[in-house]
Every structure is written in C-alpha cells, then in structure tokens.
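Hello,

Here is the structure for your work. My notes on its charged pairs follow below.

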Amino acid sequence: MTLLYDLTATQPSPESRFHGGGAYGEVLFFKLLEYLDRFTLVCYYDAKSYINPDILERIKTNRIPLFDINEKPVAEIIREAKIDRLYSAMLNLNQNIPLGEIEVFTTVHGLRTLEMPFDPIMLHYASSLKEKIKYPLFMGPAKNYYLKKLKVINGRLVTDPRINVITISNHSLASIKSFYPETAQKEIPVFASPTFDQLDNYKAVTESKKLSLDALHKENITEKKYFLVTSAARWAKNALRAVTAFDQLCETAIVNDFKLVVTGVTNKGIFTKNLKHPERFVFLGYVERDFLDLLTENAYAFIYPSLNEGFGYPPVESMKYGVPVAASGTSSIPEVCGDAALYFDPYSVSEIKNRLVQLLDKKIYDEYAKRAKEHYPIVAKKQKEDLKKLAEYVISTK
C-alpha cells in the first residue's frame, strides 16, 4: 500500500504558526516511520511555508518522495506516485483531492466553529477592518446564514462516505453525531491526541536545550511566583477574561506579589487597553518549545480558560510537572483532565477569580499538585497506546 501523507496540515495555519492539529500531524508522521517495512510513504508540503526541520531530515534519511504543492497539485501527485490512500491531520478539500479514486483518511479534531461560533470577546480581537466589519455581522444579522454555511463546510468532511474520519475525544465524537445524526452508524474511531512524549525513538535534529532559570529572570519572571496562560493570540482561547480576572484580584492583597505570564500575544493592546495593574503582567509573543517548557515547569499554576477544545494539550503538559491546573469545565477538557483540575465557567470572570483564590490556599494547592502528578501518567499511557492504534489504523488494509 502506498500512502500519501499531507504535511501541509503540519504547517502554520492562518491563525498561528503552531497549532494542536499540526502537532498531531507531526507526531503521527514520526510514528509512521516505525512501520516503513509495511507500506510505502510519499509526502507533500508547501515549500513556501515553515515546516519542522526534523520532518525534512527524516524524509531525506529515509529517502521518502516529497512533492511541493506549489509545483504539482495533489491530484497529479496521486496519479504520478500511484497512491492508494491519503492521510491528512486536517484535510483541506480546497486542494481538490479526487475523492472516490483513492481512500482518504483524516482526523476531525472538533467542531468548535459549530459548538461555539461566536462570543462577544471576539470583538476585542478584531484588528483588521475586515474583522471589525465581519465579527459584528456574523454575531448579528448574518448569524443564521453563517451557521448554515459552517454546517455545510464541516459536513463535507464528516458525512461524506468517501472519507474515513478519525477523532480525538469522546466529546468530539458526540459532537459530530449530534450535529450530523446521519453519521450515527458511521465508523469513527476515537484515539487520544498524542504528543512527542509518546514517541520512543524520536530525537530532534537540534536537541532541546534545558534552559536555566536565568532565561526566566531575563523576562522579569520569578519561579513559582506566577500563574501561566498560553495561546493568547486566538479569541477562542479566552485569555482576555483570565487577564481581566487577575487584574481585578490585584486590587486586593490576595495575590500578593504574584504575576500573570501570558504567551502567544500578537497584539498586546488587546490586553493592556484597560489594565489597572500592568506591572503585574508579563506579555510574551510566540515562545519556542524549550522556553515554554521552562515556563510551564516553573509556574505556580496553569490557567486554561479556553472556550472550546477537541482535546486540549496544555493542561496535561502542566500536569507532567505537577503544576496545579484551573481550567474551563467545557467541551473535552473535563474528559481529559478528570478530577485533576479545578474547573470554572470560562465566560465568568468572577469564577476564574475564585479558582485563582482557591489555588492560593496551600491545602487546595497541594491537593491539586498531587492530583496532577497522579493523573499525568494515566493520560500519557492512553495517549501512547492510542498513538500505536492510530498509526496501525491509518496503514491498515481493509
């Protein structure tokens, strides 16, 4: 069997350079390299966009054919390389894939645009003129039109019998079947979303550096004296409400000398516009994985106010270090985090404040640090087992 692997799904999206679906696609790519004696692998990517250099190195080492979609469309690659099956971690039907001519496998990470298409907070994130016009329109007079359009777009993937769909949580599976009852009898396997930690033989071309605490101090950050919020560029991650909650707590002596560190900030003005205590915040742009690991390991607690997740990596990554987590009690997050996180209503600034206050209580803090350490191995074990199942499913012969 010859499998065509879509590496464009691992490359930057319009919203961010790194995203959960892309990381998922990277991890599965490296896992599939363990099975090269069972199938032939061919890949395509966009040479004009960033790609993980480790992927290119493995392609070169294993002599895997690699096509650039700027030079050759997917349909032509399929014919030339005699492809039997295509896999994409985030299938883009605009690539004009010849459905029906070959088997097509893809992962649907969730239906966020249907579950939570709008929220007033998105208006704060509107930066371009187009967004300033589009967001109020979609939340108002064009709402029903937009929702119908989104349902059609998502339905092209999940309801098409020519596409084999995989998903990453029981929540996402239920969402697919809820929005599209016609999929009730369709086989949609659920495999927990993996990380690089579940790869036994992975070694980066440029090895990860163990950064010293000096890297934190240079940003005016003191270990265990800050709460951490990540992925702030996207409105759906809801960082603004967490920032507002912490800023309000700074009116009191409750948070003492703690700070809030926020990463992934592409437009600082979104957060600083109404701040009363800007000196209590550290806003960072995109941070490399080494520095993010350092920030996560040395955080007092991790705050995850995301409005919607298909799986949700960041809380689990924090639990790996025994860092207590307070998170949204929505979508897949409780499924993944179990009883190891304190939950809040992500739409309520008051509830977010309450969980921050709770985590400053030593007894509660110690309890959730303990739960984090105990829960991480359980999730990681399932992720590893499911990564193996996922790889074998993608290359299986039916």
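Buried means under 20% relative accessible area, exposed over 50%, and partly exposed in between (1.4 Å probe, protein chains only). By that scale, Asp-257 is partly exposed at 44% relative accessibility.

Some ground rules. This is a predicted model, where local features need pLDDT of at least 70, side-chain atom pairs count only at pLDDT 80 or more, and totals for chains, interfaces and linings use all residues. Residues are numbered from 1 along each chain as its sequence is written, and side-chain values use heavy atoms, with hydrogens and water left out.

Now the salt bridges (a side-chain nitrogen of Lys or Arg within 4 Å of a carboxyl oxygen of Asp or Glu). The whole structure has 20 of them.

Asp-257 pairs with Lys-225, at 2.8 Å from N to O. Lys-225 sits in the loop between helix H9 (214-217) and strand S7 (226-229), and Asp-257 in the loop between H10 and strand S8 (259-262), so the pair ties together parts 32 residues apart in sequence. Helices (H or I, at least four residues) and strands (E, at least two) are DSSP runs, numbered from the N terminus. Lys-225 is partly exposed too, at 26%.

Next, Arg-241 and Asp-119. Their closest N and O atoms are 3.0 Å apart. Arg-241 is in helix H10 (residues 239-249) and Asp-119 in the loop between helix H4 (112-115) and helix H5 (122-125), so this bridge joins parts 122 residues apart in sequence. Both residues are buried.

Glu-57 and Arg-58 also form a salt bridge, at 2.9 Å from N to O. Glu-57 is partly exposed at 33%; Arg-58 is buried at 13%.

Finally, a network of salt bridges links Asp-197, Glu-317 and Lys-320.

Best wishes
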